[in-house]
Amino acid sequence: VLNPDPATPLAVVEPLCYGCGRCVPDCPTDAFAFRPMEQLPEVAEACLAHSRVGAVALHTHSMDPEALERFWRRVAPLLQGKLVSLCFRPQLFAEAHVEAYCTLAERLAEESAPVALMLQIDGVPMSGSEDPAASLPALEAARAFLARFGERYPWPVTISGGVNMHTATLLRDSASAGIAGVGMGTMARKAVWAAGEATALS
């Protein structure tokens with residue numbers, strides 16, 4: 001959200017904002033801030049209710065248990081029969097917090113059964129980087145999570161953030177065993193944009 005300051009000539013074009021959060025730490029005047037989403041927009045609720053929607057990704061950067069439970073209980077009937085992916089960065093939190101958060105997610109999923117859980121371990125969100133080492137933060141965080149919690153929470157673990165064309169090579173490393181896949185948000189968007197530009201020029 002844009003903090004109210006008439007002296008700051010800034011504006012957020014909400015339909016174009018997809019919540020990457022990069023503007024908040026980079027803003028030199030502290031004009032931007034995040035606030036918890038207290039209400040689910042009607043369009044998102046209608047989307048969840050659509051019969052062709054079989055998977056949902058919840059980006060829970062703050063790993064706030066109260067926010068997760070409040071949101072989940074509101075939409076619980078719409079999650080039944082779906083795959084729910086929790087995206088977060090466990091490397092930013094103490095092990096006890098990560099465990100409590102995952103245990104809560106496990107309980108909520110059981111109460112809303114049938115719901116299948118998947119974890120998406122985030123490295124450098126929305127990076128779009130082509131650096132060969134860009135995937136290392138996500139890979140290292142996923143490896144650490146699996147080593148500590150893989151048996152306790154036997155859900156598929158994927159990685160995102162920093163994913164690019166070099167990620168597959170890194171995943172072939174035996175140390176990456178147990179990582180079930182990758183989420184290619186920014187890289188996929190870049191590919192789609194490039195294809196769209198090529199089509200427009202042809």
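Read along the sequence, the protein chain follows the pattern α-α-β-α-β-α-β-α-β-α-β-α, which comes to seven helices and five strands. Helices (H or I, at least four residues) and strands (E, at least two) are DSSP runs, numbered from the N terminus. This is a predicted model, in which local features need pLDDT of at least 70, side-chain atom pairs count only at pLDDT 80 or more, and totals for chains, interfaces and linings use all residues. Residues are numbered from 1 along each chain as its sequence is written, and side-chain values use heavy atoms, with hydrogens and water left out.

**Burial and contacts**

- Of the 202 residues of the protein chain, 34% are buried (under 20% relative accessible area, with exposed over 50% and partly exposed in between; 1.4 Å probe, protein chains only).
- Contacts are heavy atoms within 4.5 Å; among those between residues at least 6 apart in sequence, 75% join residues at least 24 apart.

**Nonpolar core**

- A nonpolar core is a set of buried Ala, Val, Leu, Ile, Met, Phe, Trp, Tyr and Cys residues joined through side-chain atoms within 4.5 Å.
- The largest such core has 36 residues, of which Leu58, Leu68, Trp72, Phe88 and Phe145 touch the most other members.
- Helix H4 (95-111) is one of the elements that each supply at least two residues of this core, and the largest share, seven residues, comes from H4.
- Beyond its neighbours within four places in sequence, Leu58 is in contact with residues including Leu68, Trp72 and Cys87.

**Cysteines**

- Cys87 is buried, at 2% relative accessible area, whereas Cys47 is partly exposed, at 44%.
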